[in-house]
Amino acid sequence: MANIRSAYTDGTSFFGARTPASLAEEFGTPLYVYNEVILRQRCRELVSMCKVPGFVVNYSAKANTNKTILQIVREEGLTVDAMSPGELHMDLLAGYDTDHVFYISNNISPAEMKNAIAHKVLVSVDSLSQLDMYGSFNPGGRVMIRFNPGIGAGHHKKVVTAGKETKFGVCPEDQEEAFRILEKHHLTLAGVNQHIGSLFMQPDGYVAAADVLLHLIAGFPASLRSQIEVIDFGGGFGIPYHKYENEPRLDLADLGAQLDKLFIAWKAQHGYEGRFLVEPGRYVVAECGLLLGSVEAVKNNGPRRYVGTDLGFNVLVRPAMYGSFHDVEIYGDAEGERPVMEQTLVGNICESGDIMAKDRLWPEIHENDFVGVLDAGAYGFSMASNYNTRPLPAEVLITEAGEARLIRRRQTLDDLTATTI
Ligand code: LLP
């Protein structure tokens with residue numbers, strides 16, 4: 001089995017000593033394949049992007065909570081967030097201690113709030129009512145508040161998380177009320193955070209929003225400002241999904257230098273000795289992950305050629321949900337040249353929106369080929385579902401030694417019925 005379209009994985013030795021076909025044979029498809037070298041490289045780029053003392057990269061685990069992935073991220077020195085009891089559970093299973101977990105909550109239940117407090121993790125609340133709830137459960141405790149800086153950004157309106165049109169954060173105009181609630185419950189304002197949205201490719205918007213947050217904090221009463229030990233600017237760091245068009249990368253060195261400048265000035269101005277957090281999810285894990293699928297059927301419906309695979313939106317929902325672009329590789333028997341033609345890659349789910357990649361110019365795909373959807377490590381498995389009552393896929397890590405290690409087995413039909421009564 002040769003590769004038909006594989007420049008990216010060839011160039012990165014993505015499959016190590018293995019081939020897509022041998023992985024498919026051993027583990028089946030759909031299969032999430034992760035490359036450890038790429039994962040560690042992304043972690044290292046982030047950790048070294050700012051030089052200022054107190055700079056911390058807080059991995060946003062919603063992008064991928066596989067235990068082995070979390071362990072590697074922890075080894076690379078990143079802290080981690082959680083926003084649900086499940087994410088907190090996974091963080092702890094991966095060996096994180098509670099000092100290195102930040103609970104960035106949104107509309108959590110009293111039980112979830114108590115669970116986070118019981119685990120002694122620092123909790124960020126994002127409304128006045130949740131601040132009051134936190135204070136009533138943990139009077140005298142330490143808490144973070146998420147503010148909504150009024151500037152939003154993102155690749156799709158569903159992922160813009162600041163500005164007036166979103167549900168997130170406390171508005172700056174409500175700060176006095178927030179301070180009254182802090183006082184009422186004798187709370188320490190241990191930190192402030194924001195997250196403006198997902199997938200920016202230019203540093204400027206993020207830096208501008210960071211500046212807005214620092215200005216907001218500068219206006220707090222000095223007695224409160226001096227309590228702050230954590231300032232978290234959120235995630236959103238984009239990755240180049242258009243691999244085959246050589247899309248430029250986010251310039252991390254430039255972003256880091258601009259942030260360093262802000263942070264150094266802030267330290268000098270306020271004598272701040274605390275931590276500055278950035279909170280990327282996608283940047284850490286997207287590119288180390290590939291979704292491997294099998295081509296089951298090929299047909300023409302009128303002018304359109306459909307390539308039918310086992311990659312439905314149950315395994316990767318981003319294209320169906322946001323219209324997201326993922327590049328696709330093709331692995332198959334390359335006897336002779338394959339003509340290039342427009343093709344649409346679809347899955348096996350009973351919905352017409354089950355489209356992974358539409359009208360792409362590729363070498364002709366045949367039955368029994370395999371396809372690899374690139375940059376699937378973030379919001380891939382973590383958003384997968386059992387729709388159409390299909391088991392969740394397996395996950396495999398290509399280790400630094402180039403070997404394949406199963407890091408999550410495929411669900412079975414018994415797993416699907418385990419919770420039915
Ligand atoms: N911090 C907070 C508070 C967040 O809500 C998020 C993402 C992040 C950090 C990490 O953002 P990132 O660096 O990964 O962009 N499912 C969508 C993305 C939703 C992001 C939600 N919040 C997608 O597949 O594009």
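Which residues is Asn314 in contact with, leaving aside its neighbours within four places in sequence? They are Asn348, Ile349, Ala384, Ser385, Tyr387 and Arg390. Contact here means heavy atoms within 4.5 Å.

This is a predicted model, in which local features need pLDDT of at least 70, side-chain atom pairs count only at pLDDT 80 or more, and totals for chains, interfaces and linings use all residues. Residues are numbered from 1 along each chain as its sequence is written, and side-chain values use heavy atoms, with hydrogens and water left out.

**Asn314 and its setting**

- Asn314 sits in the loop between strand E12 (304–309) and helix H13 (318–322). Helices (H or I, at least four residues) and strands (E, at least two) are DSSP runs, numbered from the N terminus.
- Asn314 is buried, with a relative accessible area of 3%. Buried means under 20% relative accessible area, exposed over 50%, and partly exposed in between (1.4 Å probe, protein chains only).

**Nonpolar cores**

- A nonpolar core is a set of buried Ala, Val, Leu, Ile, Met, Phe, Trp, Tyr and Cys residues joined through side-chain atoms within 4.5 Å.
- The largest nonpolar core has 121 residues. Tyr59, Ile231, Phe237, Leu255 and Leu259 touch the most other members.
- Helix H9 (residues 203–218) gives the most to this core, with seven residues.
- Leu259 touches Met49, Cys50, Tyr206, Val207, Ala210 and Val278, not counting residues up to four places away in sequence.

**Binding site in the record**

- An unreviewed UniProt entry lists Gly236, Glu279, Pro280, Gly281, Arg282 and Tyr379 under "binding site". UniProt positions are given in the numbering used here, feature names are shortened, and annotations may be inferred rather than shown by experiment.
- Of these residues, the lining of the largest pocket includes Gly236, Glu279, Gly281, Arg282 and Tyr379. On a 1 Å grid over the protein atoms alone, a pocket is an open set of points where a 1.4 Å probe fits, with protein on both sides within 12 Å along at least five of seven lines; lining residues have an atom within 4 Å of a point.
- Gly236 lies in the loop between strand E9 (230–232) and helix H11 (252–270). Gly236 is buried, at 7% relative accessible area.
- Beyond four places in sequence, Gly236 is in contact with His195, Gly197, Ser198, Leu199 and Phe200.
- Pro280 is in the loop between strand E10 (275–278) and helix H12 (282–285). Pro280 counts as buried, at 1% relative accessibility.
- Leaving aside residues up to four places away in sequence, Pro280 touches Leu46, Val57, Asn58, Tyr59, Ser60, Gly235 and Phe237.
- Tyr379 is in the loop between strand E16 (370–373) and strand E17 (394–398). Tyr379 is buried, with a relative accessible area of 15%.

**Aromatic pairs**

- The structure holds 13 aromatic pairs. Rings of Phe, Tyr and Trp (its six-membered ring) pair if their centres lie within 6.5 Å; planes under 30 degrees apart count as stacked, over 60 as edge-to-face and the rest as tilted.
- The ring centres of Tyr32 and Tyr34 are 6.2 Å apart and their planes are at 10 degrees, so this pair is stacked. Tyr32 is buried at 0% relative accessible area, and Tyr34 is buried at 0%.
- Phe233 and Phe263 have ring centres 5.2 Å apart and planes at 25 degrees, so they are stacked. This pair links distant parts of the chain, 30 residues apart: Phe233 in the loop between E9 and H11, Phe263 in helix H11.
- Phe233, Phe263, Tyr272 and Phe276 form one aromatic cluster.

**Cysteines**

- The disulfide count is zero, where a disulfide is a pair of cysteine sulfur atoms within 2.5 Å.
- For Cys288, the nearest cysteine sulfur is that of Cys43, 8.2 Å away. Cys288 is buried at 1% relative accessibility, whereas Cys350 is exposed at 69%.

**Backbone features**

- Most residues other than glycine have a negative phi, and most peptide bonds are trans.
- The peptide bond from Thr29 to Pro30 is cis, with omega near -5 degrees. Pro30 is in the loop between helix H2 (20–27) and strand E2 (31–35).
- Ser13 has a positive phi of about 45 degrees, although not a glycine.
- Tyr379 also has a positive phi, near 60 degrees.
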